[in-house]
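Work through the exercises below with the sequence and the structure open. Try each task before you read its solution.

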Amino acid sequence: MMQALTRHISPGWLLVAPFFLVVVAFYLGPLANILWLSVTDPEPGLGNYEKLVESDALARILWTTFRTCAITTVFSVAIGYCLAYAMVHAHQKNQNIMLTLLLISFWISVLVRTFAWLMLLGHNGLVNNGMEAIGLIDRPVRFMRNELGVLIGMVHYMVPYAVLPLMANMQTLDPRVMAASRNLGANGVQTFRRIYLPLTIPGLVASSLLVFILSLGFYVTPAILGGGKVLMVAEYISVQLLVTLQWGTAAMLGTLMLIGVLALLWIMSRFMQLSAVFGGGATR
Amino acid sequence: MAEAAKGGLSLTGLTKRFGGVVAVDDIDLEIQRGEFLTLLGPSGSGKTTLLMMIAGFLDISAGDILLDGASIKTVPAEKRNFGMVFQGYALFPHMTVRQNVGYALDVRGRPKAEIEARVDEMLELVQLQDFGHRKPGQLSGGQQQRVALARALCFAPPVLLLDEPLGALDKKLRIEVQDQLKDIHRRVGTTFIYVTHDQEEALSMSDRIVIMQNGRIEQLGTPTELYERPRTRFAAGFLGKSNFLDLDDGTYALRPEKIDLAPAGRINGAARLSGTISDITYFGAMRKYMVAVEGRQPIEVDVDAWRNPHELQQGQAVDLAWADHAAVRLDES
């Protein structure tokens, strides 16, 4: 019996079997349960999914989520690109200082950061008071309880995540390639546009994917800085779970997010090797 | 394709300091247009630093660079119009061979038809006509090297700088590419400035060689001059092999292949030294004998393997002889 088993399965699998079982029991199991809930609660069928087309509110929430995440991604990656460029091309000593500062920002909880923005962006916050004091504005600007506030909070949280894949990508570039471009008569702008930027596309894709996927699950920041006016999927799911107790709808939205993320990864994998995108060996 | 009416460079008092370290130390050098000049030296001798200053990638600490009489000290790298073949080639990995080769003309905004025609011409020059649509990653090392050469020559630069371009190739391919390089140099007539630490490359290709050490020019001359008349111990040891003999009036350099070797008492002419064979190594074309001489460094003698009339054995007593002009007296240093 044992022999028959090992003939078909490499004995190496036996070593990882306990961990495999833990993953199945505590991760894949509940995940399957959610899939199951989405088609059985409150009654069997695709009723939950029909709400997607029937309910305007749901469609609006999904659109808000998508738009917020897309804008967050664009700004985070753009800022992250500049930071990564500065870090990669800085002097070694400065590079270490910059990397430390970047990593410190990872340690500060999203809740703390969001409340910090609350202090800064409020009507009597530092930003409004400061701008009034130097005469830039004469009435406080509404930075909060709207989409702008949510975006500021989310971009701020996401920039460090955007930096890391870009840095990993930029560090693999051969500086001689850029020198060759200049030697052949290309100025700085041409070299950046025609050589540097194309060579950092894998980093841009990885960074965008990472930021977009993480943004989809944002809960605290939209809830606090959006002041209930910017309802994103994560917050809506929590309301369904805890307030209206419509677990079927929540499960359906969760499933939708999961499928959305997997679909994104699949589309990307058609264009490039995902392992290369996430740093598994430089593409040449 | 005699398009190089320009390309004479003169370096005057050229110096590069990195902090307190002097990498290139007050170099004066005239480079003729159309010349194949090699900068030869060990790593750290300043040869690459010198090349990077000529290319415009490094600022000059002191001195000047003149191209056909006009200073180019303040001209940025992209405006110097010098072709360059980089160590490791530095091809653009995301572009095809054709795009790589045409890049210099493309960024100068030349018309498409002109670029295409010129790229065809260059690919023919380096015999890569069939590889235009491949990416550099799909080419062998030797082919990449030729793409780099075509790319650097495409805009007809007056000067081509080559930074150890054959370093990544295996030995057999290197000799083949040396011949191609020499041929291309003859055909385009551009001034070639070639950096290498490989003395065989330097000897076989150059019109003139600059031997560098510690940021200074150790000796400058044609390959024959440098090989036959080395002035310093370093020049004699770095370019080819040399025995060094301390005689009454100074140190002499003596090439191993210029020494006659015969069993004791049977040498033609007067024996200059006597000793015993301590080691014999066979290289196919020649045999290397190490001869232990009382009170001196062991002396290396290279003999064509087919002329081994005496069938010399290890441990045998031998006499050594050489012509007067074979031993070259070195400057004291």
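Helices (H or I, at least four residues) and strands (E, at least two) are DSSP runs, numbered from the N terminus. This is a predicted model: local features need pLDDT of at least 70, side-chain atom pairs count only at pLDDT 80 or more, and totals for chains, interfaces and linings use all residues. Residues are numbered from 1 along each chain as its sequence is written, while chains are lettered from A and ligands numbered from 1 in the order in which they are written.

**Exercise 1. Backbone exceptions**

Task: Place N81(B) in chain B, then state its phi and its burial class.

Solution: 
- Start with the position. N81(B) sits in the loop between strand 5 (70-71) and strand 6 (83-85) of chain B.
- Next, read phi. The value for N81(B) is near 60°, which is positive in a residue other than glycine.
- For burial, apply the cut-offs: a residue is buried if 20 or more other C-beta atoms lie within 10 Å of its own, exposed if 12 or fewer, and partly exposed in between, with C-beta atoms placed from the backbone.
- N81(B) has 20 C-beta neighbours inside 10 Å, so N81(B) counts as buried.

Solution: 
- D26(B) is part of strand 2 (residues 21-31) of chain B.
- Its phi is near 55°, again positive in a residue other than glycine.
- D26(B) counts as partly exposed because it has 14 C-beta neighbours inside 10 Å.

Task: Which peptide bond, from D41(A) to P42(A), is it: cis or trans?

Solution: 
- The bond from D41(A) to P42(A) has omega near 0°, and is cis.
- P42(A) belongs to the loop between helix 2 (12-40) and helix 3 (47-54) of chain A.
- For background, most residues other than glycine have a negative phi, and most peptide bonds are trans.

**Exercise 2. A hairpin in chain B**

Task: Describe how strand 1 and strand 2 of chain B pair.

Solution: 
- Two strands pair if DSSP finds at least two bridges between them.
- Strand 1 (residues 9-18) of chain B and strand 2 of chain B are joined by seven bridges and run antiparallel.
- Take one bridge: K16(B) has V24(B), in strand 2 of chain B, as its partner.
- Now look at the turn. The hairpin of strand 1 and strand 2 of chain B has two residues between the strands, and G19(B) takes a positive phi near 60° there.

**Exercise 3. Contacts across the sequence**

Task: Which residues does G63(B) touch, not counting residues up to four places away in sequence?

Solution: 
- Two residues are in contact if their C-beta atoms, placed from the backbone, lie within 7 Å.
- Locate G63(B) in strand 4 (residues 62-67) of chain B.
- G63(B) touches L11(B), T12(B), G13(B), L14(B) and T15(B), with residues up to four places away left out.
- The C-alpha atoms of G63(B) and T15(B) are 6.1 Å apart, although 48 residues separate the two along the chain.
- G63(B) has 17 other C-beta atoms within 10 Å, so G63(B) is partly exposed.

Task: Is A251(A) buried or exposed, and what does A251(A) contact beyond four places in sequence?

Solution: 
- A251(A) lies in helix 14 (residues 247-271) of chain A.
- A251(A) counts as buried because it has 23 C-beta neighbours inside 10 Å.
- Beyond its neighbours within four places, A251(A) contacts I34(A), L37(A), S38(A) and D41(A).

**Exercise 4. Two packed helices**

Task: Describe the packing of helix 4 and helix 5 of chain B.

Solution: 
- Axes are lines fitted to C-alpha atoms, for helices over the stretch in contact, and angles run from 0 to 180 degrees between N-to-C directions.
- Helix 4 (residues 141-153) and helix 5 (residues 171-188) of chain B pack at about 15°, with axes 11 Å apart.
- Angles under 35 degrees count as roughly parallel, over 145 as roughly antiparallel, 65 to 115 as roughly perpendicular and the rest as oblique.
- Helix 4 and helix 5 of chain B are therefore roughly parallel to each other.
- From helix 4 of chain B, G142(B), Q145(B), L149(B) and L153(B) meet L173(B), V177(B), I184(B) and V188(B) in helix 5 of chain B.

**Exercise 5. The chain contact**

Task: How many residues does each chain give to the contact?

Solution: 
- Chain A gives 16 residues and chain B gives 20 residues.
- On the side of chain A that touches chain B, helix 9 (175-183) and helix 10 (188-199) of chain A each give two or more residues.
- Helix 9 of chain A supplies the largest share of that side, six residues.
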